[in-house]
Amino acid sequence: MVSNLKVFVCEFITGGGLYNAPLPDSLAREGQAMLEAMLHDIGAIPGVSLTTTRDIRLPVLEMAGIEVIQVAGDIDQCWTQCIDEADLVWAVAPESGGELQRLASMAQHKWLGCSPEAIRLATSKSATAHRLRAHGVPTVATFFPDDNGWIGASEKWVAKPDDGVGCGDMRIFDDAELLKEWLNDGRTDTHVIQPWLPGEATSLSMLCRDGIAQLLSCNRQLIETCQGEFHYRGSRLNDFSAHWDVFQALASQVAAAMPELYGYVGVDAMLHQGQLTVLEVNPRLTTSYAGLRQAIGLNPAELLLDLHYNGRFVETGLFQRNIVEVNVDD
């Protein structure tokens, strides 16, 4: 580990990424939960000093020993200065719209996470599915709207942005004609179609480097559907620890198929009859991170820095498997 390390911790939503747009309460809550966990975890490591930015519309961040820069205008200049003054940049941002990739490119060798190339691949659900399926990883079939193969693939479908995060502009349909109408309303070039899969919504929190993955927790996704729309309410970490070996096997398969992945990675999957099927790969911290330290009984930021600087994974037997709920509902 490096001593006297200055880290710029950047959470896109709360850190000013939406300075020129509305700031939705739901996104601010998720961002705040991740930011607080990141700052607590990495701030607990001796010799580390922290800087972060804060959207001026949000309450003052009351955490001792952290340099907080209030943001009310153009964020790029502020973030560039923070990056220039830091030894390391640890950030979370939506990969949609190229935001995460842009931050990674700005930080260059200081970036603590997936490379811009890895982010570009994982940002596209279709490209990710193609890569994983080519390597034999169980992955949901993914179609473009003009590929009529989706019609015979299921009697119920999920449509979502190929470049998107969370549940935004994502719908479930059991009528092919209604799905076509919805897509024709400006979505034929932006969305993909996947057959609806039975089972339980899960996610994996893991560390990756050089095609190797270490599972940190296996989580239940708290997702509700209402009038065809999906709503993310949070997650219950380690709720599927009874299936740990199945989750670790999938983590290893994903990392081997996508060796570009680096650092903390999240994977969304469906669990059905003891088998996992990948839905998408998140090349960044996910909301589950907010409860990860309590769930595993170790400091995940310390594990990440050890992997980054020393190339080593901690013994899995040291992990606790506590069930911890992260709730981001109203």
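To follow the helix packing, keep in mind that axes are lines fitted to C-alpha atoms, for helices over the stretch in contact, with angles running from 0 to 180 degrees between N-to-C directions. In this predicted model, helix 4 (residues 99-107) and helix 5 (residues 116-123) have axes that come within 9 Å and cross at roughly 175°. Angles over 145 degrees count as roughly antiparallel, so helix 4 is roughly antiparallel to helix 5. On the helix 4 side, the contact is made by Leu100, Gln101, Ala104 and Ser105, and helix 5 contributes Pro116, Ile119 and Arg120. Sorted by class, this contact has four nonpolar, two polar and one charged residues.

Next, the charged side chains. The count comes to 16 salt bridges. One of them joins aspartate 41 to arginine 293, with the closest N and O atoms 3.4 Å apart. Because aspartate 41 lies in helix 2 (residues 25-43) and arginine 293 in helix 9 (residues 292-296), the pair ties together parts that are 252 residues apart in sequence. Aspartate 41 is buried at 3% relative accessibility, whereas arginine 293 is partly exposed at 36%. Elsewhere, Glu200, Arg220, Arg236, Asp239 and Glu325 are linked in a network of salt bridges.

Finally, what about disulfides? The structure holds zero of them. The sulfur of cysteine 208 has its closest cysteine sulfur in cysteine 114, and at 7.0 Å that is too far for a bond. For cysteine 218, the closest cysteine sulfur is in cysteine 208, 15 Å away, which is also too far for a bond. Cysteine 208 is buried, at 1% relative accessibility, and cysteine 218 is buried at 0%.

Terms used. Residues numbered from 1 in each chain as written. Predicted model: local features only at pLDDT ≥ 70, side-chain atom pairs only at ≥ 80, totals over all residues. Heavy atoms only, no water. Disulfide = S-S within 2.5 Å. Buried < 20%, exposed > 50% of the residue type's maximum accessible area, 1.4 Å probe, protein only. Helix = DSSP H or I, 4+ residues; strand = E, 2+ residues; numbered from the N terminus. Parallel < 35°, antiparallel > 145°, perpendicular 65-115°, else oblique. Contact = heavy atoms within 4.5 Å. Nonpolar A, V, L, I, M, F, W, Y, C, P; charged D, E, K, R; others polar. Salt bridge = Lys/Arg side-chain N within 4 Å of Asp/Glu carboxyl O.
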